[in-house]
Every structure is written in structure tokens, then in C-alpha cells.
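I opened my notebook to look through one protein model, step by step. Here is what I had on the screen.

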Amino acid sequence: MLTFDPITLSPSEFEEAVKAILDGAGVPLKDYKSEHLASLTGVDGDYILDVSVTFSALGADFLVLVECKHEKRRTERQDVQILHSKTQSLGAQKGMIFSTAGFQEGAVQYAELHGIALVQIAEGETTYFSRSMEAPKPRPAWLGIPKYIGWWRHGKYMSVFSPEKGDYTREALGLVVSCDESAHE
């Protein structure tokens with residue numbers, strides 16, 4: 001399993017970086033809207049979410065709740081349980097947790113069982129691999145490496161989320177949009 005050093009962003013910068021990654025995936029989605037620090041009312045009270053996302057697909061409206069864990073410790077199971085409870089209260093279709101420090105194994109197990117997507121934010125350079133022992137620094141500009149990316153953990157695999165390429169983000173949301181579909185929206 002790949003692990004990454006926590007990034008150095010303020011909590012607000014971290015939340016905005018997460019929103020930018022999600023916005024990159026929202027381009028082909030109908031009625032896509034994301035909101036930072038959204039206030040939503042559920043059946044058991046009011047919640048303020050780090051990021052909320054709404055869009056339409058397959059003839060239905062979707063709500064995605066996103067929590068951003070800007071901490072030095074790995075995100076724990078109880079954090080995933082709390083988000084799962086919020087998704088139920090608010091009638092959301094998906095929950096996602098973005099972390100600066102990764103996830104404890106109990107959090108991963110609970111998230112997989114309940115369909116919560118887990119993503120660790122890292123420097124964009126973590127996507128750059130080379131065959132040599134030492135990767136050249138600075139990275140060539142033509143690579144177009146984003147400043148921050150997300151590593152989505154799904155089962156034993158990891159995929160990259162970035163503001164420029166939203167395919168894997170849409171897959172984490174349970175949506176696979178083909179080129180033909182996006183051209184008609």
C-alpha cells in the first residue's frame with residue numbers, strides 16, 4: 001500500500017483543493033453544483049458539510065456529502081461512522097472522506113462495507129514515477145502535474161483523483177460517463 005507524507009495546507013485551503021478535485025469530475029454531469037461549507041437539514045438536525053455536491057444523472061438527483069479530515073493522525077473508524085450516519089439523515093446517495101494523513105484499517109473496513117469513498121490528498125508529484133531510482137526534480141513542466149491530487153482507496157487498489165481528470169472520481173461516485181453520453185449533455 002502506498003503511503004504519503006501529509007500535505008501542508010490550511011484547513012480551508014485543503015477543503016478548497018478537495019472541492020477543485022470534485023469540480024474536475026463534475027464537468028460532464030448535468031446540473032452539477034458543489035458548495036463549500038454547505039448547511040443542510042436532515043431528519044435529526046442541521047449539519048454543516050465541508051463540501052456538498054449535487055447533480056442529476058440517470059433521471060435522478062444525487063447528493064454527495066464530503067468530509068475533509070485535516071489531521072496529523074490517520075482517519076479513524078468513528079469518523080467514517082459519523083459520515084455514514086449523516087448520509088442516512090440527509091438522504092444522500094454517497095459519502096466521501098478526504099484525509100491529509102490516510103486511514104486506519106478499521107476505517108477502511110467500515111467504509112468498504114458501507115460504500116463510503118476514502119481519498120488521501122497528496123502532492124501532485126506523487127503521481128510521477130520513473131524507472132530510475134531518483135526522479136528528476138523539478139519535474140518537467142510538460143507533464144502537467146497538478147499541485148494536489150487525491151489517492152482513492154478502493155479494495156486493494158488505488159486510483160488518482162485530480163482537478164484535470166475526473167474519470168476515477170466519477171467512478172468512485174458510481175457513475176461511468178462514456179464520451180458519447182457526455183457529448184449529449
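My entries follow in the order I looked things up.

**Ground rules.** I am working with a predicted model, in which local features need pLDDT of at least 70, side-chain atom pairs count only at pLDDT 80 or more, and totals for chains, interfaces and linings use all residues. Residues are numbered from 1 along each chain as its sequence is written, and side-chain values use heavy atoms, with hydrogens and water left out.

**Overview.** I found five helices and seven strands in the protein chain; helices (H or I, at least four residues) and strands (E, at least two) are DSSP runs, numbered from the N terminus. From the N terminus on, I read the order α-β-β-β-α-β-α-β-β-β-α-α. Of the 185 residues, 46% are buried, meaning under 20% relative accessible area, with exposed over 50% and partly exposed in between (1.4 Å probe, protein chains only).

**Confidence.** I looked up pLDDT, the predictor's confidence in each residue, from 0 to 100. The mean for the protein chain is 79, and 64% of its residues reach 70 or more. Helix H2 has the highest confidence, at a mean of 97, and helix H5 (residues 179-184) the lowest, at 40. Over residues 177-185 the pLDDT is below 50, and beyond near neighbours in sequence this stretch has nine contacts in the model; contact means heavy atoms within 4.5 Å. A note to myself: where pLDDT is low, the predicted coordinates should not be read in detail.

**Helix H1.** How far apart are the end C-alpha atoms of H1? They are 23 Å apart, which agrees with the 22 Å that its 16 residues (11-26) should span at 1.5 Å a residue; the expected span is 1.5 Å times one less than the number of residues. Among the buried residues of H1 I noted Phe-14, Val-18, Ile-21 and Leu-22.

**Helices H2 and H3.** H2 (residues 77-90) and H3 (residues 105-114) pack at an angle of about 25°, with axes 7 Å apart. Axes are lines fitted to C-alpha atoms, for helices over the stretch in contact, and angles run from 0 to 180 degrees between N-to-C directions. The two helices are therefore roughly parallel to each other (angles under 35 degrees count as roughly parallel, over 145 as roughly antiparallel, 65 to 115 as roughly perpendicular and the rest as oblique). Arg-77, Val-80, Gln-81 and His-84 in H2 meet residues of H3 including Tyr-110 and His-114.

**Strand E1.** Asp-31 sits in E1 (residues 30-42), and its phi is near 55°, a positive value in a residue other than glycine. Asp-31 is exposed, at 53% relative accessible area.
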